[in-house]
Structures are given as C-alpha cells and as structure tokens.
Amino acid sequence: MTPIAEIENAHTMSVLVDNEPGVLARVIGLFSGRGYNIESLTVAEVNMEDNLSRITIVTSGTPMVIEQIKAQLERLVPVHGVNDLTVEGPHVERELALVKVRGSGEKRVESLRIADIFRARTVDSTNDSFVFEIVGDTGKLDAFIELMVPLGLIDVSRTGVAAIARGTTVLDHD
Amino acid sequence: MSKNQLSGSQILLKALSDQGVDVVFGYPGGAVLPIYDELFKQNKIRHILVRQEGGAVHAAEGYARSTGKVGVVLVTSGPGATNAVTGLLDAMMDSVPLVCICGQVPTHLIGNDAFQEADTTGITRPCTKHNYLAKDVDQLARQIHEAFHVAKSGRPGPVVIDLPKDVMMAQADYLPPAKVKHKSYNPPVKGDLGKIREAVKIMAAAKKPLIYAGGGVINSGTAASQLLTQLVQTTDFPCTLTLMGLGALPASDKHFLGMVGMHGTYESNMAMHDCDVMVCIGARFDDRVTGRIDAFAPNSTKIHIDIDPSSINKNVRVDLGIVGDVGHVLEDMIKLWKSGQNRADEKAMKSWWKTIDKWRERKSLSYDREASIIKPQYAIERLYELTKKRDEVYITTEVGQHQMWAAQHFHFDRPSRWMTSGGLGTMGYGLPSAMGVQIAHPKALVVDIAGEASILMNIQEMSTLVQYNLPVKVFILNNQYMGMVRQWQELLHGGRYSESYMEALPDFVKLAEAFGGVGLRATKKEHLDDVINEMVACDRPVIVDIAVDPKENCYPMIPSGAAHNEMIFGPGDDADTSVSDEGMVLV
C-alpha cells in the first residue's frame, strides 16, 4: 500500500491576484519552474473596482507538494490570497465544454439523445454536425465526451474549472 | 502639467535618495543615458562604475550583506540586463536585498526586436523576488518605493525595475515613500506564540538537542545573532551553523560545533544525525546540509523557524513549523524559556556533551601541518591568525575548495563579516562582492579568498578597485586546478581530470601591476607570513598569488548521496569512499 504521504491527489486552488500584466506568467512560471502539475487553469477579472482577477488551478501532488504550491503562490507579490478548496470544505466546481460531433443517421440521433440526458444544449447545427454546449463538473464533462467518441466526436474545447465555496463563505481577499 | 513635476529620471533619483541610498553600482548605456545625465547633476548618490554588469550586482550584494541595507544596481537594456541575471539569481538564492534598475527601449519599441532590447521582466521573473515593467511615469515613484519594501521585507531578495527610456523622460508628480500603501505584500514578522510555547516544551524535554542556524539569523539583523547566542548559552544546547550562517554565533563560543553539511565538521554532522530535537533557525534544509534525505536526522523531532512559509516542509518534513522573523521568535522563545524556568535534563545533557567531545577529538579539520609545501588550509589559518586582532575584517570568497577551506579555517565572531555565494555557487562572486564591502566599510580590511580559476571570472573588476582606490586584497590559493571539480573527478570519475587543469594561467603579480595594483607572491611556507603582513599593510588593491599544494583535497566530506554519519576524511582514512549510483547523479 502506498503511504498517505506519497499519494497524489487533485486539488482545486483559487488564487486572487492583482490584474496586472505578467501575473499569469508568474503563476504559470512558478508551476513549470518547480515541476508542479497543472491539470486545468482558468483566469478572468472578477473585481473591476479593485482590479482583481481570480485564477482557478486544478493541480495534483502529494500533501507536501500541495502545501508547497500554496506557500509558493502566497509569496508572489501580486497574490492576495490562496484557497485550497479541496481542503477547506464544500465547494462547487463547474466547467463548460463545446463538443463537436460529425455524423449522420442513427449516430446523429443517438448523440442528440445523449446530449439531452446530459442537459447539453445544441449551440450549432449543420446537416452533418452538432456543437453541444455542456456545463458541469469535470467528471460529467469527461463522461459526456467519452460517450461522444463513437458517435463522431471531432473537436472539443473546454474552459477549465471555475470554483467557489458553498454557503456564505467568501474566499480570502487579503 | 504642474510646475513641481519631475522627469522619470529625477523621480528615480529622488526616490532612491528618499530610500536612503547613497551608492549605486552600475554601467551606462543607450537606454539609461537620461538617468546618467541626472546622476551627473547631483552629489547625493555616488555611482561606482564597474567593468561588467555582473560585477555591479555582486558588488551590490557585498554592500547589502555587510550593511544590512538594500544594494542598488543600475544597468542598461539588453546585454546590460542579461549580464546582471547571474547576480540576481545569486541574490535570490542567498536572500540578499537588491533593487536593480534596468534601462529598457522606449515603450513604443517594446516587442519590436529593437536595438539592445531584451524581455527583461520575462527573463528575470524566475530569478527575482519580484519585478516591474514601469510603463507609466505616474506609477514610477510608487513602484520604486514598493520595490524597496519588497526587497527588504519578509525573506529578502532582488527586485528588478525595468524602465523604458521614454518613461525616464516623461513628467509626473513625485510621491514620497510615506504615501505608499502596499496592497498585497505584508509578510508577518511575529511568530505564533502558541507554537513557540510548544517549541520550548519540546526543547526542555530534549536529551540530545541541537540548534542548527543559518543565514536567516544574519538577515534578521545583528540583534538576532545576539539573541541566538543568548539562546544557546541559556539552554546550553550545542549549535551548528550553515555556510551562510557563519558568524551568527561567535566561532569562539564553546557551544559552536563548526559548520554543518557536506564539508562541515565531524561533530556537527554526527550531532545532526544523532540528535533527538533539532531546532532549525533561519536555515532551509538545503541539500548541501541534509545529505541523503531519508537518512537525515532520523530520530529527531524537528522545529523549524523561518520567515518564508514556503521553506517549511519543502525538503524535510518538520514536526513544528514557526513562521516569523527569527529575531522576534528568538526573543519570545528566550522569554518563555526563562519564565518557565526550563532547564534541559542535566544528566542527559552531560552525556550528550560528552559524546560530542568524543566526536570533537576526531579533529576532522586536521591536515598535514608539517608539510614543507604550503597547504591551502595553512594559508587560511595564517591569514586568520595574522588578522584576528584587527577590529574590522571582512572575508568574501569565490566558489570551490578555497571557499570551503575558508569556511572551515577562518573563524567569525561577528555576523555579516562573511560574504560567500552559497545557494547558487557563483564563481566570480568574491572580487566584486569585496568591492561592495569595501565601499561600505572604507577603513576595513576586506579580503577575497579566491582560487586561481574563479578569480578569472570577474578579474576585470581590478580596474574598478584601482579607479576608486579600494584596497581590497585578493588572496589566491593557486593550486592550478579547478580544485573542487578535480576532487569530484577523483571521487566519481576515476581520476580522469577532464578539463579541470588550469593551463596558461596569467602571471598574477604582473596582472595586478598591469591593472595598477600591487602583486605579491608566496611560494615557500617560510615566506607566507611576511607576504600576508605586507598585503595587510598595503593601502592599495593587492593580488597575492600563493602557490599551494596542487593535490590537496577538501575534507571532511559527506559524499553525495550519503548520510551524515558516513563522512570521509581524506588520505589516511580507510573508509569506503565509493559513491552509490544515486549519489552519482547528484551535484
């Protein structure tokens, strides 16, 4: 059995940063420079008034590496706060994917039927293709995409994970 | 435009002056001409013209480390900035507070592959604590003040301000430092009192304790070194220091076990291996210190005090991490220790000291004192003996065997007297660094203990020494080899000296003279003292070329991939010196 200290788990980190040039390069450079994984990364401005952006990173590592990642992120000057949502408590994760499927006949009908089950919306349609828009957690998107493979999947575009704490908890501002 | 507006260059100089800067190390070029023009018009800030930008950064490091102030560098765009990169990373690794101002091509040319353009913020991002591209003259004063705040607070480090030429010439209002608020970067200095209390409890219960302190103590200020000494003396705990920490506890204190790590003393490393409580203070469990991680102090409870949260649990998992400035934490720790009337178990301590004294008897730093040839250790020992009565002696080093011998055989009773490139291991650090030290301490004796290989990496700075009449002494232990490379080739590569012999060495005496300095040479043991005395007495820059035993190696040593209790002692020691496969890949 692998000791707990060596088990790698996925963690979702929420990083509040000054929205200034180079801030994303700083964060990404830290991950590549120190050999940390990035499984998904999203970034957008979330507070115009204070000029803040939120970066959501899904990473994986042993508990010691995850602790390091948090500490390393926190010491970057434009970083206001880092929350490890996976550790800190219940939170919601959502991701959006655009999934393009080409096909005809039975397969085309089947893709539409599955899209319906997954509550995916059809956002583009031609005689021999669909583009579905699907929102959910990473697992749901993975499952949907896997089901589309035999039905003519030809292209996928995903946003990466955005996450927020459940309840009234507000993530660190400073 | 209001009347009181200043140009970007004027703002820069005013901000530097308001930050207490009195000297800048730099080199002009096209993209910084407006700043140099302003420098010309004023007398407050002194500019030291180096001979290569790398020298400017190391000089600023020497200045910063010997004064506790922020060192300031001014270089031009492109090659000026890229030449500074090694020094910046050196300062990053060794936590030296620097502000480096780089010229940049005008904003409208950025990204156009303009003449002498480099993506300086991109290049320096991973080798600085923070960097700025100052595109807006209205923000310039704030950014400069913030740069100083970032450089010196928390764990110190280098900060780059990349300043486009058009911004130097644009006009804006000046903002004094008092008006600048730092939004996100405010590292805590006080340690958690509950945790310090817990640490004291663990320490009081220790039977085989060890204090392992590093450069963080020195960075925290003179008071922190005094507090460390106080803690050591109050608890009667043995104490070892890292390469960066030498001087934090007086070398003459009986609790001092010598340096720890790869070339540390036997007693330090054995105590590290066998201790039951380790108190790490301002050190970072560097691989040169820990040796093989899975065999590192296997039976100890580890307490780690550091201002940088990312240093805790980075290499070695500790049982209790305390984030805070070591000076503050030590103060609280001593208070709690005393008020709780704590005392370590007397019987256990007695037996622990007895064990340590046994290890001391091994005399791991001994060498062949009787040899007729000058042993490098002997040369350093004589340098120490002949200068120890002087009030102010500062030692810098280059990197390699001579550096380790200096650390082993020169003894420091005060902090900030020892400047060496520890983390990055930058050959060529010592001469420019000594230059910076001498600028800060004009009356002091400043000696760069060097090797004949390292010194050639920044030898051009001899010219700077002569220009400013800085009487730095370059003390070359000339063994005609890149000694440490050769030592590893002997240990790991069957003695095949691939490219480690220094052929076609210059005549260092003539070289010194060619620069306008003084050249001295010692080839015989009996002349050594005279040469050292002559060097010390000279009020000009001196290069001393000392012909030392070319075959001598640096011991004791923990071979790479080995544990602390697997040290080797050099000739006369029949221990197994073979290195494991895992050790072979380590550096």
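The model is predicted. Chain A holds five helices and nine strands. Read from the N terminus, its elements follow the order β-α-β-β-α-β-α-β-α-β-β-α-β-β. Along the principal axes, the C-alpha atoms of chain A occupy a box of roughly 55 × 50 × 35 Å. Chain A has 174 residues, of which 27% count as buried. Among the contacts in chain A with a separation of 6 or more, 75% are between residues 24 or more positions apart.

Between the two chains, 19 residues of chain A are in contact with 14 residues of chain B. On the side of chain A that touches chain B, the elements that give two or more residues are helix 1 (23-33), helix 2 (63-74) and strand 4 (79-84) of chain A. Helix 2 of chain A gives the most, with six residues. Sorted by class, this side of chain A has seven nonpolar, six polar and six charged residues.

Chain B can be approached through its sheets. One is an open sheet of six strands with parallel pairing, in the order 11-10-9-12-13-14. Its edge strands are strand 11 (256-259) and strand 14 (320-323) of chain B, each of which pairs on one side only. From one strand to the next, the twist averages 15°. Within this sheet, strand 12 (residues 277-281) and strand 13 (residues 301-306) of chain B pair in the parallel sense over five bridges. B:Val279 has B:Ile303 of strand 13 of chain B as its bridge partner. Helix 11 (residues 266-274) of chain B lies across strand 9 (209-213), strand 10 (239-241) and strand 11 of chain B, and runs at about 105° to strand 11 of chain B.

Chain B also has an open sheet of six strands in the order 16-15-17-18-20-19, again with parallel pairing. Here strand 16 (418-419) and strand 19 (518-522) of chain B are the edge strands, each pairing on one side only. Strand 15 (residues 393-397) of chain B runs parallel to strand 16 of chain B, and two bridges join them. B:Thr396 stands opposite B:Met419 of strand 16 of chain B.

Helix 16 (residues 401-409) of chain B lies across strand 15, strand 17 (445-451) and strand 18 (473-478) of chain B, at about 135° to strand 17 of chain B. Helix 20 (residues 508-515) of chain B lies across strand 18, strand 19 and strand 20 of chain B, at about 170° to strand 19 of chain B.

Strand 20 (residues 542-547) of chain B contains B:Asp545. Is this residue, B:Asp545, buried or exposed? B:Asp545 has 25 C-beta neighbours inside 10 Å, and therefore counts as buried; the cut-off for a buried residue is 20 or more. Leaving aside residues up to four places away in sequence, B:Asp545 touches B:Ile476, B:Asn478, B:Phe508, B:Val509 and B:Arg521. B:Arg292 is 253 residues from B:Asp545 in sequence, and their C-alpha atoms are 37 Å apart.

The remaining topic is helix packing in chain B. Helix 3 (residues 53-67) of chain B packs with helix 17 (residues 430-440) of chain B at an angle of about 45°, their axes 6 Å apart. These two helices, helix 3 and helix 17 of chain B, are therefore oblique to each other. Their crossing is right-handed. Residues making the contact include B:Gly55, B:His58 and B:Ala59 of helix 3 of chain B, and B:Pro432, B:Ser433 and B:Ala434 of helix 17 of chain B. The residues of this contact divide into nine nonpolar, seven polar and one charged.

Helix 3 of chain B also packs with helix 4 (residues 79-93) of chain B: the axes come within 7 Å and cross at roughly 30°. That angle makes helix 3 of chain B roughly parallel to helix 4 of chain B. This crossing, too, is right-handed. In helix 3 of chain B, B:Glu53, B:Gly54, B:Ala56, B:Val57, B:His58 and B:Glu61 meet residues of helix 4 of chain B, among them B:Gly80, B:Asn83 and B:Ala84. The contact of helix 3 with helix 4 of chain B is made up of five nonpolar, six polar and three charged residues.

Technical notes
Residues are numbered from 1 along each chain as its sequence is written. Chains are lettered from A and ligands numbered from 1 in the order in which they are written. This is a predicted model: local features need pLDDT of at least 70, side-chain atom pairs count only at pLDDT 80 or more; totals for chains, interfaces and linings use all residues. Two residues are in contact if their C-beta atoms, placed from the backbone, lie within 7 Å. Helices (H or I, at least four residues) and strands (E, at least two) are DSSP runs, numbered from the N terminus. Ala, Val, Leu, Ile, Met, Phe, Trp, Tyr, Cys and Pro count as nonpolar, Asp, Glu, Lys and Arg as charged, and the others, Gly among them, as polar. Axes are lines fitted to C-alpha atoms, for helices over the stretch in contact, and angles run from 0 to 180 degrees between N-to-C directions. Angles under 35 degrees count as roughly parallel, over 145 as roughly antiparallel, 65 to 115 as roughly perpendicular and the rest as oblique. A crossing is left-handed if the near helix is turned anticlockwise from the far one by less than a right angle, and right-handed if clockwise. Two strands pair if DSSP finds at least two bridges between them. A residue is buried if 20 or more other C-beta atoms lie within 10 Å of its own, exposed if 12 or fewer, and partly exposed in between; C-beta atoms are placed from the backbone.
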